[in-house]
Each structure stands twice: as C-alpha cells, then as structure tokens.
Amino acid sequence: MDRRHFLLRGIQLLAAGAVMVRTGQLRAAEPIGYDRLMSTLYPKTEGEKRYLKEVVALVKSRQLPEKLVYAAWRSAEAKQKNKRVRIFAETLAILCKRSEIPFRLKLSI
C-alpha cells in the first residue's frame, strides 16, 4: 500500500468515526451501572454507596445523561483509590452545572 492509499484510508476512517459520533451510533462498550461504579471507584461508606445507587437511578430514569456520568467516571478512574468517589461526585456536579442540568444530589459521608 503506497502512501496515498494509506492516507486516504485514514481520512475515510476518521470521517466514518465522526459520522458515528454525531449520529449517536458510537457508544461505550459497557454501560455505566452500579456494579461497574462499585468495582472501579471503591466506595468506603454507606453514604458513598447510596450516592452511586442514586446516580445510576437518575441515569436509568433519563434525568441524567449517561455521557456525563461516563466522563466523570473516566476522570475519577485514574485517581487515588481513596479519593475516587469524591472526585467523581465533584466532577459530575461541575459537568451538570456547565450543561445546565439540574442536579441536586450531594455526597454524604
């Protein structure tokens, strides 16, 4: 494959990906659920576990977009294990405020 064909294929793949993202066909491999949040965020207290359950309930009732929860989860996933739930909660509150989505859920310790 020469350089021209290689570049052409790359541009085609980028265009196809952009179309899939714009039309909503590209999604996370596994939806964000309570089990996934529990296994990666390591909640320590009952208040943190209850908070995660309520977030998942809001996503299931479509009051909270899954892409915001996914973005907050991705930002907290790479942090220290003992701070992940708090970082998740703070990031989710900031993202909801920026997106002008009413979100009154608070993390209780």
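Predicted model: local features only at pLDDT ≥ 70, side-chain atom pairs only at ≥ 80, totals over all residues.
Of its 109 residues, 27% are buried. Contacts reach well along the chain: among those between residues at least 6 apart in sequence, 59% join residues at least 24 apart.

Helix α3 covers residues 46-60. Its 15 residues, at 1.5 Å each, should span 21 Å, and the end C-alpha atoms do sit 21 Å apart, which agrees. Buried in this helix are Gly47, Glu48, Tyr51, Leu52, Val55, Val56 and Val59. An α-helix has 3.6 residues a turn, so residues three or four places apart point the same way. The cover over the buried residues of α3 includes α2 (34-41), α4 and α5. After α3 comes Arg62, with a positive phi near 65°.

Two packed helices are described by the angle between their axes and the distance between the axes. For α4 (residues 66-77) and α5 (residues 84-98), the angle is about 140° and the axes lie 8 Å apart. The pair is therefore oblique, and the crossing is right-handed. On the α4 side, the contact is made by Leu68, Val69, Ala71, Ala72, Trp73, Ser75, Ala76 and Glu77; α5 brings Arg84, Ile87, Phe88, Thr91, Leu92, Leu95 and Cys96. Sorted by type, the residues of this contact come out as eleven nonpolar, two polar and two charged.

Key: Residues numbered from 1 in each chain as written. Heavy atoms only, no water. Axes fitted to C-alpha atoms, helices over the stretch in contact; angles between N-to-C directions. Helix = DSSP H or I, 4+ residues; strand = E, 2+ residues; numbered from the N terminus. Parallel < 35°, antiparallel > 145°, perpendicular 65-115°, else oblique. Left-handed = near helix turned anticlockwise from the far one by under 90°. Contact = heavy atoms within 4.5 Å. Nonpolar A, V, L, I, M, F, W, Y, C, P; charged D, E, K, R; others polar. Expected span 1.5 Å × (residues − 1). Buried < 20%, exposed > 50% of the residue type's maximum accessible area, 1.4 Å probe, protein only.
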